[in-house]
Amino acid sequence: LVDEVLPQPGPGEITVRVHSVGMNFADVFTVLGMYDAAPKGESVIPGLEFAGIVEAVGDRKSKPQAKVQRKEDGKSYVV
């Protein structure tokens, strides 16, 4: 595990302290290199489902009905 100091979230972003993740077949196939839709690169973090505490929220003025989703980089989430 690696601890990182994260920057403050930008507009439409949140910071979540992840407490648990769920592993499924897409995660297993990603680790094995068998899932074409997975992000590419060594920094891919498996775990499509997660639960945690929102610790910081960026400017939400531009997104009144936001949702949380994974960014294409495979290692961060946006609102």
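Asp 27 lies in helix H1, where helices (H or I, at least four residues) and strands (E, at least two) are DSSP runs numbered from the N terminus. The model is predicted, so that local features need pLDDT of at least 70 and side-chain atom pairs count only at pLDDT 80 or more, while totals for chains, interfaces and linings use all residues. Residues are numbered from 1 along each chain as its sequence is written, and side-chain values use heavy atoms, with hydrogens and water left out. At 2% relative accessibility, Asp 27 counts as buried, the classes being buried under 20% relative accessible area, exposed over 50% and partly exposed in between (1.4 Å probe, protein chains only). When residues up to four places away in sequence are not counted, Asp 27 touches Gly 22, Pro 46, Gly 47 and Leu 48, a contact meaning heavy atoms within 4.5 Å.

Of the 79 residues in the chain, 19% are buried. Among the contacts between residues at least 6 apart in sequence, 67% join residues at least 24 apart. The chain exposes about 6400 Å², of which carbon and sulfur atoms supply 56%; accessible areas come from the Shrake-Rupley method with a 1.4 Å probe, and for residues only the protein chains shown count as cover.

Helix H1 (residues 25–31) also contains Phe 25, which is exposed, with a relative accessible area of 65%. A search of the whole structure finds one aromatic pair, for which the rings of Phe, Tyr and Trp (its six-membered ring) must have their centres within 6.5 Å, planes under 30 degrees apart counting as stacked, over 60 as edge-to-face and the rest as tilted. The pair is formed by Phe 25 and Phe 29, and because their planes stand at 40°, with the ring centres 6.1 Å apart, it is classed as tilted. Both residues lie in helix H1, four residues apart, which is about one turn of the helix. Phe 29, at 34% relative accessibility, counts as partly exposed.

Phe 25 and Phe 29 also contribute, together with Val 28, Leu 32, Met 34 and Tyr 35, to a nonpolar surface patch of about 630 Å². Patches are made of residues with over 30% relative accessible area and no salt bridge, like charges being joined within 9 Å and nonpolar side chains (Val, Leu, Ile, Met, Phe, Trp, Tyr) within 5 Å.

The count of salt bridges comes to one, the criterion being a side-chain nitrogen of Lys or Arg within 4 Å of a carboxyl oxygen of Asp or Glu. This bridge is formed by Arg 17 and Glu 55, whose closest N and O atoms are 2.6 Å apart. The pair links distant parts of the chain, with Arg 17 in strand E1 (residues 14–22) and Glu 55 in strand E2 (residues 49–57), 38 residues apart. Arg 17 is partly exposed at 46% relative accessibility, and Glu 55 is likewise partly exposed, with a relative accessible area of 44%.

Strand E1 also holds Thr 15, which is buried, with a relative accessible area of 16%. With residues up to four places away in sequence not counted, Thr 15 touches Leu 6, Pro 7, Pro 9, Ile 53, Val 54, Glu 55 and Ala 56.
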